[in-house]
Number of protein chains: 2
Amino acid sequence: MALADGFDVDRAFCPDFHHAVELVGRRWTGVILRALLHGATRFTQIRDAIPELTDKMLSARLRELEAEGIVTRRVTDDVPVRVDYALTEKGRDLSAAITSLSDWADRWATTGDR
Amino acid sequence: MALADGFDVDRAFCPDFHHAVELVGRRWTGVILRALLHGATRFTQIRDAIPELTDKMLSARLRELEAEGIVTRRVTDDVPVRVDYALTEKGRDLSAAITSLSDWADRWATTGDR
């Protein structure tokens, strides 16, 4: 996506980007994705890593991410039943964008101007 | 940000990333940033590039971005008064993350699995 100097109205808006940025940026979704990218696989691992995240909200966001094809939910018929979450290829492919935004946050937050 | 295989609970959550991803991902903010990155400088340029974006919502989001130090608003004492918006260094530095997410959206949306 070359960023023009003049105003490039045709390429300024992209509905797919619009959907993606508001999906990833939805309340809690970004930090849940980041936890998964950091290797979390269990519900309690994700919930306990993220302050103030409730079970109800985490369940809702994981269902949305499943519906988007970003996360899979695998149930193992054990006693007790075991549930593991994993990023799909589509989910893992978000790593570059999440890392890039994380690095931006590190650069600008550390200067204390927020 | 190295992505561990095992679960890296200490680095799984970052409050600065949490703030950043929900700032950029807020309703309309991502596509407004993208329009600015594509060279938009005037209020009407941004509004007309983004379907269904209202004046009221665009004004609110531009004020938030100004408060975050991501956008500047320059008033030229002309007849009529001229207002130009521009990304700050902090704002321009979002380009990599926005581009990365745009590319992700292009990759995955084009396969029609959304």
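## Buried area

Buried area is the accessible area (1.4 Å probe) that two parts lose on being put together, summed over both. In this predicted model, chain A and chain B bury about 5600 Å² between them. Carbon and sulfur atoms carry 67% of that area. On the residue level, 60 residues of chain A are in contact with 60 residues of chain B.

## Polar and charged links

Between chain A and chain B there are 18 residue pairs in polar contact, both residues at pLDDT 80 or more. The two chains also share 4 salt bridges. One of them joins the side chains of A:E22 and B:R27, at 2.8 Å from N to O.

The side of chain A that touches chain B draws on several helices. Each of α1 (9-12), α2 (15-24), α3 (29-37), α4 (43-49), α6 (89-92) and α7 (95-109) of chain A supplies at least two residues. The largest share comes from α7(A), with 15 residues. By type, this side of chain A holds 31 nonpolar, 12 polar and 17 charged residues.

## The nonpolar core

In soluble globular proteins, nonpolar side chains tend to be buried together. Here, the largest nonpolar core has 69 residues. Which members touch the most others? They are A:I32 and B:I32.

Take B:I32, setting aside its neighbours within four places in sequence. B:I32 is then in contact with B:I46, B:I50, B:L53, B:L58, B:R61, B:L62 and B:L65.

Definitions and conventions
Residues numbered from 1 in each chain as written. Chains lettered and ligands numbered in written order. Predicted model: local features only at pLDDT ≥ 70, side-chain atom pairs only at ≥ 80, totals over all residues. Heavy atoms only, no water. Contact = heavy atoms within 4.5 Å. Polar contact = N/O pair within 3.5 Å; in protein donor to acceptor, adjacent residues only side chain to side chain. Helix = DSSP H or I, 4+ residues; strand = E, 2+ residues; numbered from the N terminus. Nonpolar A, V, L, I, M, F, W, Y, C, P; charged D, E, K, R; others polar. Core = buried A, V, L, I, M, F, W, Y, C linked by side-chain atoms within 4.5 Å. Buried < 20%, exposed > 50% of the residue type's maximum accessible area, 1.4 Å probe, protein only.
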